[in-house]
Amino acid sequence: MHSNPAKNHSLVGPEAASERTLYPYVTGTSVVAIKYKDGILMAADMGGSYGSTLRYKSVERLKLIGKHSLLGASGEMSDFQEILRNLDELILYDNMWDDGNSLGPKEVHSYLTRMMYNRRNKFDPLWNSLVLGGVKNGQKYLGMVSMIGVNFEDDHVATGFGNHLARPILRDEWHENLTFEEGVKLLEKCMRVLLYRDRSAVNKLQIAKITEVGVTISQPYSLKTFWGYSAFHNPTVGAEGSW
Amino acid sequence: MPNDKSHNTNIAVYSPLRGCVFFRSKITPLNGFRSLGLFIVKLSSASAIDLSDTLRFLIPSHLNCRRFSVCLVAEKKGVFSESKMSRAAVEVPPKGGFSFDLRRRNEMLSKKGVPPPSFRKTGTTIVGVIFQDGVILGADTRATEGPIVCDKNCEKIHYMAPNIYCCGAGTAADTEAVTDTVSSQLQLHRYHTGRESRVIAALTLLKSHLFKYQGYVQAALVLGGVDVTGPHLHTIYPHGSTDTLPFATMGSGSLAAMAVFESKYHEGLTKEEGVNLVCEAICSGIFNDLGSGSNVDVCVITKGQKEYLRNHLLPNPRTYVSSKVFSFPRKTVFN
């Protein structure tokens, strides 16, 4: 790991005291989310890696924002906590209006996009890929913002390694009006592949569901894995000398 | 054009063991560089051949200098030109091991701004799967040269032996050459032993070859076949390491294809299930990876039989075909 550069106390230039996120330290891996019949389903594991060590195994990376949105983040966890603080303030001020209206997922997504893009323009990015999903007034919304401010809305999104491993599966097997069970099965399929093939994945995940009615974030649980292929037990049968 | 005899000759002598190169424009006799294994010699005038003979004579054999080269650069009067360069390699018993002289030359060239020639990469999805009767290999058919598709329908499943086939990803020339070489070696081995080739024979030949070249031969291979000991599937990486697996993917589209395998593979696949699974994995690579595309090739190898299904699936047909040939309306004028 790189050690933090000592703060430059010299009087040279305005850049001397800047503190930018140069490298991510404690990172979360992929988040996968899909739209289903009643709303949005989002899954993320609970690992926070410190470089190549799996340091924290109970990091909650799915959070409720206001009444209508669910935010999932991958990348630097401290920046995620900063984003949550900002969003807290945003929701608080919105509630203080007390006008019967509340910020929906589209609005929160727009706020996040502006925040991420502006930070990147200052060369001080929030090192996260965010997934925002929610339902308001019967409208389902699922969007993503990356650390450089790329944002888009889609029926199924994934961050990090999920882009390479989960999206091909989702593109093939997602369809409109999945039921809750089908949606969970599909997400679990993606998370299982990620567990097998992503080195920073942990076998402890949460699945969150958001519908018009409300939000449920599940308790952490593990996926079943299968290691019983005969080729794994006896890889060199008939091929002595190879491995 | 001044001829050889009247040149002011520049000599560089270096010992590969010591790794020093020394260039002097005026050569003067010096004794002090013995420890460096260098000799700087003054010679009045000489042609290239005389020079190297003289040098061979001068440099004593007790010096810890196994091998050296003499590089002559002739200088035109007033203008330094490197146009006349001759190298006389003096014969000394080789110490053995690898010779990285050309690599030094390449580094020197790139420092001077000569770009290295680019290679054609295949940017691929290749897969292999073991099913109940044998092995199924699959590959896409796109070959890329950077951002351009240079071959829309190339063949990535190479023949190694009647019962062994090999898919190749990475630099196209490397995969072709290495599979051709080992295929010939296997043929000779078959003549020598009088028996069907075994998959581990191909595996060992390929892995030794790739290891010998320390990863410079950029070929990532999926080798599959059926021999007397049963069906086998192996992956071989450019540095020479191998894996034995029930299902394998390589290439830029390997993650997309592996996602399909990890979620859908089970033991005891039938032939139809296997071919379908392979096609799905390759299609996943074709549609989700930019480096892979066009069609799907499949090869099914079972005991005593093989089926090479070239262009088994064509999921990227030309969709819009106009019946009219494109024509300009009459009296169209373009300036």
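1. Helix α3 (residues 162-173) of chain A packs against helix α5 (residues 254-264) of chain B at an angle of about 65 degrees, their axes 8 Å apart. Helices are DSSP runs of H or I of at least four residues, and strands are runs of E of at least two, numbered from the N terminus. Axes are lines fitted to C-alpha atoms, for helices over the stretch in contact; angles run from 0 to 180 degrees between N-to-C directions.

2. This is a predicted model: local features need pLDDT of at least 70, side-chain atom pairs count only at pLDDT 80 or more, and totals for chains, interfaces and linings use all residues. Residues are numbered from 1 along each chain as its sequence is written, and side-chain values use heavy atoms, leaving out hydrogens and water.

3. Which residues of α3(A) and α5(B) make the contact (heavy atoms within 4.5 Å)? From α3(A) come His164(A), Leu165(A), Pro168(A), Ile169(A) and Glu173(A). From α5(B) come Leu255(B), Ala256(B), Ala259(B), Ser263(B) and Lys264(B).

4. The structure holds 0 disulfides over all chains (cysteine sulfur pairs within 2.5 Å). For Cys166(B), the nearest cysteine sulfur is that of Cys167(B), 6.6 Å away. Cys299(B) has its closest cysteine sulfur in Cys167(B), at 7.8 Å, too far for a bond.

5. Thr302(B) lies in strand β15 (residues 296-302) of chain B. Thr302(B) is buried, at 16% relative accessible area. Not counting residues up to four places away in sequence, Thr302(B) touches Phe131(B), Asp133(B) and Val226(B).

Conventions:
Chains lettered and ligands numbered in written order. Buried < 20%, exposed > 50% of the residue type's maximum accessible area, 1.4 Å probe, protein only. Contact = heavy atoms within 4.5 Å.
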